[in-house]
Amino acid sequence: MTVGPISDAVDRIDAEAVNSKEKRSLYKARVKIFPKRTAGTFRSLKWHIMAVTLAIYYVTPWLRWDRGPYAPDQAVLVDLANRRFYFFSIEIWPHEFIYIAGLLIMAGIGLFLVTSTVGRAWCGYTCPQTVWVDLFLVVERWIEGDRNARIKLDKAPWSSAKVRKRLAKHIIWLIIALATGGAWIFYFADAPTLAQNFLSFQAPFVAYSTVAILTATTYVFAGFMREQVCTYMCPWPRIQAAMLDEDSLVVTYNDYRGEPRSRHQKKQSQLEAPIGDCVDCNQCVAVCPMGIDIRDGQQLECITCALCIDACDNVMEKVGRPRGLISYATLTDYNHSAAGQTSKTTFSSFIRPRTFIYFGLWSLIGLAIFATLLTRDRLDLSVLHDRNPVFVRLSDGSIRNGYTIKILNMEARPRLFTVRIDGLPGAIIAQAGLSASPTGQLYIDVDPDKQRQIKVYVTQPKGDIRDARTAFSFLVKDRNGPEQVRHETAFHAPDGR
Amino acid sequence: MTSTERDPVSGTETTGHVWDGIKELNTPLPRWWIRTFYVTIIWAVGYCIAYPAVPLINSVTNGVLGYSSRAEVAVELTKAKAAQQKYRDKIAKLSLAEIRKDKDLFQFAVAGGRSAYAVNCVQCHGSGAVGSTGYPNLNDDEWLWGGNLEQIAITIAHGIRFDEDEDTRISEMPAFGSDEILTSPQINDTAEYVLSLSSKSTDGIAARNGKTLYAENCAPCHGETGAGNRELGAPSLRDAIWLYGSDKKTIVETISKSRKGVMPAWGQRLDPLTIKQLAVYVHSLGGGE
């Protein structure tokens, strides 16, 4: 005789998987979901991740980082007005955007890596939509109570108590939304100054409009749209579905163990009918924020938040059966277990060619970014040869070419540079409006974190001119340091000199 | 035809229209869409009342707010003028040398001079101020009438050989051929001598013969050595820059017929402020002295 679980210990919840496959209809209006509270390993993991991600979001713009007197002292700052991006000791100029592009590619490949190993972990734990919905749900539960109370309140006619509760909930939601939108703008300006200006209504209009827009989207997305954002708006579930394979961890209902599910275990066992571990208590459905039944198998809606695992484990403990009726498992593991070979999730699936390639690419880009960041120039030079006129013949027969030179001092301190030419015999260099330099080089000081444009004349005596076009270089060197850049350009002379 | 038939799947009424057995559902536009549409109509009516909107035969309705984009531009221009006024005042007051020294004023004058140049000067001197045959290059260090700021300003204001200006710069080179001062062989010899000043002569005997002719006819203006004389606008004949060309045929033509380039007196057309800015700009092109 099969010994079934002691199902009497568990109440059956009248929960419905409102988004299950057969209920999906193009004509159907949204059915509200009232996720039940649960506790367990994954729930506490989610609490911790929520705390960390929210802390990062809110605290980051307030971190200070001393860059000396010539640069802002905010650790992370996207200075759009001056076109600079600061990240702790790293400062990025617009022409160094490749680093940002590299980071975005790393984020993409990182997501592939995570998805191919642990499935939709991003969706379930760290996606802002998930985090803020969780936060809004906390408020909702705190004011209106858990699932049943909320359903009851929702159905109840309007009364002063209902108005009071709803008002309180929406006010707190709006405050959270405002704080969300409010924090965003501090990444784009000096946080303390902006906060002061913002509160005294002296901040620029764009600050208020940004906060207003983000407040509205947070309030609507996390308060009202919730799972619809994931199911209908987000492209990622579709892409992730393609990233998953039989070795990716997904939240799995181990039906070989659970079926046949039954509410009437005692009766079944008396009848000596086969009994599965699933007591059909519907806890997994009640806690699901996406409104699905995981026992229907993998579904597009599942964000793998793993709350159903917690809910089911609690039930299994109560009825005296082993945990893990719903568990993280790969399809391969599931097939093995179903065939009775092993019942444990092995993490060997983490190491396979696919993940190896993802990790390799990911770390290669990371290393490349890191290496170039360490060795990149903080001095740059661009040279523009005059087009009109290309050259000027002077009265002594020598030929003069004009160049517009831009020197970029990318360090937050004033620097003095020497400018000289290399590879043009007999030529002399002079700054426009000044006489030629006797030392053969110009001394140009550039303000901290600025670029300076100068007009330079290069004159080559008649006797030294060989060709209509001679390649040569400008050399700019930090007078008090080793940094030096070279820019190749050309000297033009008339044909038939 | 009225129909209250309902579609069994969606529960929506049908319109009663059937094509190939397919029944059309009567799905009205969403209410929010309709309302937005009505709001835009109301908005449009309000807009037509408030702003210029309806074209009439000779004019348009002006709208009660009295807005016009032209008036807006006028305001912007007045604002820009007002913002420039401090520079204009200073440029009017200060000498050219003082303007050249002041970093901000210099920048302002060069920018103003560049735009005035683009309107008034490019026709002859070219957009890059390189000139062309008969029109001097303003980038180089050869100046017929002087290349410091003051001299450039005078040239711009009063022009060259411009009859309508009393103070215009004047010099007359005789047409040695047309006026029958020299014979054709004499002109040939003189040209060879002139070429020899910049070591380009190919006929030594002719050049030697030309030396005396030069001393008698040319040296009073162009100087004993051919260095030229800016007081008289006589160019140097020794250097690498030739306004009309350095080949013998051109030089013979110049001696025979003379050259009388004319530049208008811009002082009659442009205000003193613009002339000053133009002088600073031309001076900044690389040849200023």
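Predicted model: local features only at pLDDT ≥ 70, side-chain atom pairs only at ≥ 80, totals over all residues.

Mentor: The contact draws 18 residues from chain B and twelve residues from chain A. Together, chain B and chain A bury about 1100 Å², and 54% of this area lies on carbon and sulfur atoms. On the chain B side, N139(B), D141(B) and A240(B) provide 32% of the area that chain B buries against chain A, more than any other three residues. The side of chain B that touches chain A is made up of five nonpolar, eight polar and five charged residues. Between chain B and chain A there are zero salt bridges. Polar contacts, by contrast, are present: nine residue pairs are in polar contact between chain B and chain A, with both residues at pLDDT 80 or more.

From the contact one may turn to the elements within each chain, beginning with chain B. Strand β1 (residues 14–19) of chain B pairs with strand β2 (residues 22–25) of chain B in the antiparallel sense, over three bridges. Two of the facing pairs can be named. W19(B) stands opposite I22(B) in β2(B), and V18(B) has K23(B) in β2(B) as its bridge partner. The two strands, β1(B) and β2(B), form a hairpin with two residues between them. In that turn, D20(B) has a positive phi of about 50°.

Chain A also contains antiparallel pairing. Strands of a sheet pair through backbone hydrogen bonds, either parallel or antiparallel. In one open sheet of chain A, three strands follow the order β1-β2-β3, with antiparallel pairing. Strands β1 (76–79) and β3 (90–92) of chain A are at the edges and have a single partner strand each, so one side of each is left without a neighbour in the sheet. Y86(A) has E91(A) in β3(A) as its bridge partner. The loop between β2 and β3 of chain A holds F88(A), a residue that has a positive phi of about 50° although it is not a glycine.

A further open sheet of chain A consists of four strands in the order β11-β9-β13-β14, and its pairing is antiparallel. Its edge strands are β11 (442–446) and β14 (484–492) of chain A, each of which pairs on one side only. The twist in this sheet averages 30° from one strand to the next. Strand β13 (residues 469–478) of chain A and β14(A) run antiparallel and are joined by nine bridges. Across this pairing, S473(A) stands opposite E488(A) in β14(A).

The axes of helix α1 (residues 41–59) and helix α14 (residues 307–318) of chain A come within 7 Å and cross at roughly 140°. From α1(A), the residues T41(A), F42(A), R43(A) and K46(A) meet L307(A), I309(A) and D310(A) of α14(A). The residues of this contact between α1(A) and α14(A) divide into three nonpolar, one polar and three charged.

Two peptide bonds in loops of chain A complete the account. The bond from E259(A) to P260(A) is cis, with omega near -5°, and P260(A) lies in the loop between α11 (255–258) and α12 (265–270) of chain A. The bond from N388(A) to P389(A) is likewise cis, with omega near 0°. P389(A) is found in the loop between β6 (379–385) and β7 (392–393) of chain A.

Technical notes
Residues numbered from 1 in each chain as written. Chains lettered and ligands numbered in written order. Heavy atoms only, no water. Contact = heavy atoms within 4.5 Å. Buried area = accessible area lost by both parts, 1.4 Å probe. Salt bridge = Lys/Arg side-chain N within 4 Å of Asp/Glu carboxyl O. Polar contact = N/O pair within 3.5 Å; in protein donor to acceptor, adjacent residues only side chain to side chain. Nonpolar A, V, L, I, M, F, W, Y, C, P; charged D, E, K, R; others polar. Pairing = 2+ DSSP bridges. Axes fitted to C-alpha atoms, helices over the stretch in contact; angles between N-to-C directions.
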